[in-house]
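This briefing concerns charged and nonpolar side chains in a predicted model.

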Amino acid sequence: MSDNNSNPKSRRDFLKIGSLIGIGAVAAGAAGYAGFAAQDGKEGHGGEAESALSDSEKKIKVLTEDGQLAEIKASELSPVQKDQYTSALQEQGREGIPGKHWVMVIDLARCRNVRACMASCQNAHHLREEQHHINVLRMQESEHTEPYFMPKPCFHCDNPPCTKVCPVDATFKRQDGIVLIDNERCIGCRFCIAACPYSARVFNWFEPKNHEEDEDLLYNVELNVPQKKGTISKCLFSADRLREGKLPYCVSACPNGVYYFGDLNEDAVTNGTSGETTRFSELIRKNAGYTLLPELGTKPNVYYLPPKNRMFPFEYNGKTTLEDEHHV
Amino acid sequence: MKTKTITINILAVLVLMMPFSLMAQSDWKVSDAKRKDSNPIAYSDKSVKAGKVVFLANCKSCHGDVGKNNGLPLIPKPTDFGEQAFHDANTEGSIFHKITDGRATMPAYGAILSEQQRGDVVNYIRSFDANFKPTASAQVVETPKSNDTEVGAPYFLEVKVDEANSEVSAILMGTFNGAKAPVVDAEIFIGIKRYFNNLPIMEAGAITNEEGVIKAIYPADLPSGEKGIGELVVYVVDQEKFGELNQSAELKLIATHPSHFSETRALWANRGNFPIWLLVTYLSMVLIAWGVMGKVVMNLFKIKKIGN
């Protein structure tokens, strides 16, 4: 009986303490916001000319979602709750674009190791110099065969081994075929690195590039920015650009027309350099396109066109062979 | 809007790089012997037309449209063949060898295009040379006099779809003496809308015939959305002359069957991905084990009761 009596009391105590903490948090938040507003106001009214403007007329420069600088009236500015926005980004990132099945075609005959694709990719995803979402490799099948350059991104397999081994569901395949990694969920176990037969994944061993500047950025799972130390990063087929109807960063950066990108469900791929659109099936059929290590059953979505009728002869470090490099 | 900004950017870069480009252009010289070579393909209207098709497919991506100075901003800058300075500095032999051998960013087309194709391209490029007169031996076919100068605005673009033969015809009409008249030799783009860009279905560089018509066969087996309906996009290429003339129509193509990716997993951390058979097996095993233990304890109590 005595137990029963003390129970409601303790519950009341608990609620009291809880609400006090709650009120305290709200008050602290309000004070913090007020402090922020005051500081902002002070900066705004620093100049004499500006102080003449009333608060409602004052304009503030903001960066829009697509990276454009815009001006809006201070009175019309309403802050977005960061958590809410991040979860919306996460949701659309997980879902993908319905009805699409992205595919890339790489024409090896046109690649001459310009590495513009790598530069634009590293720039977009804030990668360190040694981290590659896409890498241009020097290839030679055997001693007497001709060497060639081979750009190698993630192949976004239709039967990906990497997503199957993730213990926390951080890496996943979307309905449009893109394999993404969620840095917020990733625990850095690197099982996926071990599972990927194409070595498409990189690990953030160190603090990522620009980590100080990126601290306040909203995490976008389709861009992997800001990168996080101790997590995986990989080629994303520029999922954020595809949403806007633009070609991936690497595809549009190439000056030699190496890359084609498009939708398998539309049977059309567009060349990133010339902007010309061709039928995917025809391109693969006419040029004997192939995928890498098809025997593994991973069903890659990146196709290669063999380096036949090359536009540029192979040249690396002033040499036309790969003698100095260790190969077969 | 977007293309406009890109064009402006490209133009800005070109203007900035003008001094470099002029330098770069002037120092690419081929040997005297090659300079004196003649084009293996004789100049004729047919060759120029064939050359234009090859040019559009292989050269336009860098060199841009002739006379519009909209090539790619590379260093050295790809020559615009509308520039008379280029024609004054290069013989047909040197153009032919430059195409064949390439240099720096200009690929060697010797391995890619046949001699016939390269010769046709040279003839196409030479057709922009103001001082060029085809030699007497060359067979120049007089083009039927185009009525371009007489037929004027307003222009009308019409599209007809013949589903039985999967054929599309685009008809461009202008106005002449107050009546409609066909526009001859106008370039019209006919394509099917795709996510990034339109898929062209007309022949590269196709121009309207005497009736102002271009015909194109469309691929009826092209997958296009769940309903299999594609959007036909038709526009007149030369916007400066004809203004913005667009037409669109619906085409009956085949339906897409989007692939569904079913993921099987080797590791499961959340319930959503956990296989039901395993969940049921595991839970029933736990229940049976606990049940047996419970039964044993119950029996112990029973024994104690009987003993008492």
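A:Glu266 is buried, at a relative accessible area of 13%, and its side chain forms a salt bridge with A:Lys100, with 3.8 Å between the closest N and O atoms. A:Glu266 sits in the loop between strand S10 (259–263) and strand S11 (268–271) of chain A, and A:Lys100 in the loop between helix H3 (82–95) and strand S3 (102–107) of chain A, so the pair ties together parts that are 166 residues apart in sequence. A:Lys100 also counts as buried, with 13% relative accessibility. Over all chains of this predicted model, a search of the whole structure finds 24 salt bridges.

**Further salt bridges in chain A**

- A salt bridge joins the side chains of A:Glu282 and A:Lys286, at 3.8 Å from N to O.
- Both A:Glu282 and A:Lys286 belong to helix H9 (residues 280–287) of chain A, where they are four residues apart, about one turn of the helix.
- A:Glu282 is partly exposed at 32% relative accessibility, whereas A:Lys286 is exposed, with a relative accessible area of 61%.
- A network of salt bridges with shared partners comprises A:Arg174, A:Asp176, A:Glu222 and A:Arg243.
- Within this network, A:Asp176 and A:Arg174 meet through their side chains at 2.8 Å, N to O.
- A:Asp176 is buried, with a relative accessible area of 0%, and A:Arg174 counts as buried at 1% relative accessibility.

- A:Asp240 lies in helix H7 (residues 239–243) of chain A.
- A:Asp240 is buried yet has no salt bridge.
- The nearest side chain of opposite charge to A:Asp240 is that of A:Arg241, 6.3 Å away; because a salt bridge requires a nitrogen–oxygen pair within 4 Å, A:Asp240 has none.
- The side chain of A:Asp240 does make a polar contact, at 2.7 Å, with the side chain of A:Tyr249.

**Surface patches**

- A patch of negative charge on the surface brings together A:Glu207, A:Glu212, A:Glu213, A:Glu215 and A:Asp216.
- One of these residues, A:Glu215, is placed in the loop between strand S8 (201–203) and strand S9 (232–234) of chain A.
- A:Glu215 is exposed, its relative accessible area being 61%.
- In chain B, a nonpolar surface patch of about 510 Å² is made by B:Ile276, B:Leu279, B:Val280, B:Tyr282 and B:Leu283.
- B:Tyr282 lies in helix H9 (residues 276–307) of chain B and counts as exposed, with 52% relative accessibility.

Technical notes:
Residues numbered from 1 in each chain as written. Chains lettered and ligands numbered in written order. Predicted model: local features only at pLDDT ≥ 70, side-chain atom pairs only at ≥ 80, totals over all residues. Heavy atoms only, no water. Patch = residues over 30% accessible without salt bridge, like charges linked within 9 Å, V, L, I, M, F, W, Y side chains within 5 Å. Areas by Shrake-Rupley, 256 points an atom, 1.4 Å probe, with all protein chains shown as cover. Lys, Arg positive; Asp, Glu negative; His and termini not counted. Charge placed at Lys NZ, Arg CZ, Asp CG, Glu CD. Helix = DSSP H or I, 4+ residues; strand = E, 2+ residues; numbered from the N terminus. Buried < 20%, exposed > 50% of the residue type's maximum accessible area, 1.4 Å probe, protein only. Polar contact = N/O pair within 3.5 Å; in protein donor to acceptor, adjacent residues only side chain to side chain.
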